Amino acid sequence: MKLNTLRIPCKDLARSQAFYTSCLGQESAFGSVQDGYIGFQLENVTVLLEPEEPGEFECGRYLGFSFSVPELTAFYIASVALGIEFTGPPEVQSWGGLMTHVRDVSGNTFSV
């Protein structure tokens, strides 16, 4: 097995697309607001933005995945300048890595 797709619930698909393209620098690969989904093809996984489904697939929670960036401190500084919300600055973890958490425009949180 291998991980294929990360689904992310969105309150506003157009606003979420703008966040993931303008703020995180990803290019949409397929889908559109009119299609009801937007896909991004990362190096090793597809990220799929979809409208939230109350009671099933809701926004506003920790998503349980991490994105890797080449240099986290530089990413953090540039992202804060763009207005991206973080739960805090990057911190060294007990296992030795550096990590922080991004909060997207739908209130979802994921690790970087």
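Which exposed residues does the face of α2 turned away from its buried side carry? That face carries I77 and A81. Here exposed means over 50% relative accessible area, buried means under 20%, and partly exposed lies in between (1.4 Å probe, protein chains only). Helices (H or I, at least four residues) and strands (E, at least two) are DSSP runs, numbered from the N terminus.

A word on the ground rules. This is a predicted model, in which local features need pLDDT of at least 70 and side-chain atom pairs count only at pLDDT 80 or more, while totals for chains, interfaces and linings use all residues. Residues are numbered from 1 along each chain as its sequence is written, and side-chain values use heavy atoms, with hydrogens and water left out.

Stay with α2. Its buried residues are L72, F75, Y76 and S79. Seen down the helix axis, they fall within an arc of 100 degrees, so they line one face of α2. The arc is taken from the directions that run from the helix axis to the C-beta atoms. These buried residues pack against β6 (85-86), β8 (98-99) and β9 (101-103). Contact means heavy atoms within 4.5 Å.

The ends of α2 have their own features. E71 caps the N-terminal end, where a side-chain oxygen lies 3.3 Å from the backbone nitrogen of T73. Such a polar contact is a pair of N or O atoms within 3.5 Å; within protein, one must be able to donate a hydrogen and the other to accept it, and residues adjacent in sequence count only if both atoms are side-chain atoms. After α2 comes G83, with a positive phi near 90 degrees.

Now turn to α1. The buried residues here are L13, S16, F19 and Y20. They cover an arc of only 120 degrees around the axis, which puts them on the same side of α1. What do they pack against? Their partners are β1, β2 (28-32), β3, β4, β9 and β10. At the start of α1, a side-chain oxygen of D12 reaches to within 3.1 Å of the backbone nitrogen of A14. α1 is followed by G25, whose phi is positive, near 75 degrees.

In soluble globular proteins, nonpolar side chains tend to be buried together. The largest nonpolar core in this model has 23 residues. Within it, Y20, L49, V102 and F110 have the most contacts. Two or more residues come from each of β1 (5-10), α1 (13-23), β3 (37-41), β4 (46-51) and α2 (72-81). A nonpolar core is a set of buried Ala, Val, Leu, Ile, Met, Phe, Trp, Tyr and Cys residues joined through side-chain atoms within 4.5 Å. Look at L49. Not counting residues up to four places away in sequence, L49 touches I8, C10, L13, S16, Q17, Y20, G36, Y37, I38 and F40.

Next, the rings. The whole structure holds nine aromatic pairs. The rings of F19 and Y20 have their centres 5.1 Å apart and their planes at 80 degrees, so this pair is edge-to-face. Rings of Phe, Tyr and Trp (its six-membered ring) pair if their centres lie within 6.5 Å; planes under 30 degrees apart count as stacked, over 60 as edge-to-face and the rest as tilted. F19 counts as buried at 5% relative accessibility, and Y20 does so at 2%. F30 and Y37 form a tilted pair, because their centres are 6.3 Å apart and their planes stand at 50 degrees. F30 is partly exposed at 36%, and Y37 is partly exposed at 32%. Ring pairs also link F19, Y20, F40, F65, F67 and F110 into a cluster.

Two single residues close the tour. T21 lies in helix α1 and is partly exposed, with a relative accessible area of 23%. Its side chain reaches the backbone oxygen of A18 at 3.3 Å. Beyond four places in sequence, T21 touches Q26, S28 and F40.

S111 sits in strand β10 (residues 109-111). Is S111 buried or exposed? S111 is buried, with a relative accessible area of 1%. A polar contact of 2.9 Å joins its side chain to that of Y62. Leaving out residues up to four places away in sequence, S111 touches Y62, F65, S66, F67, M99, T100 and H101.
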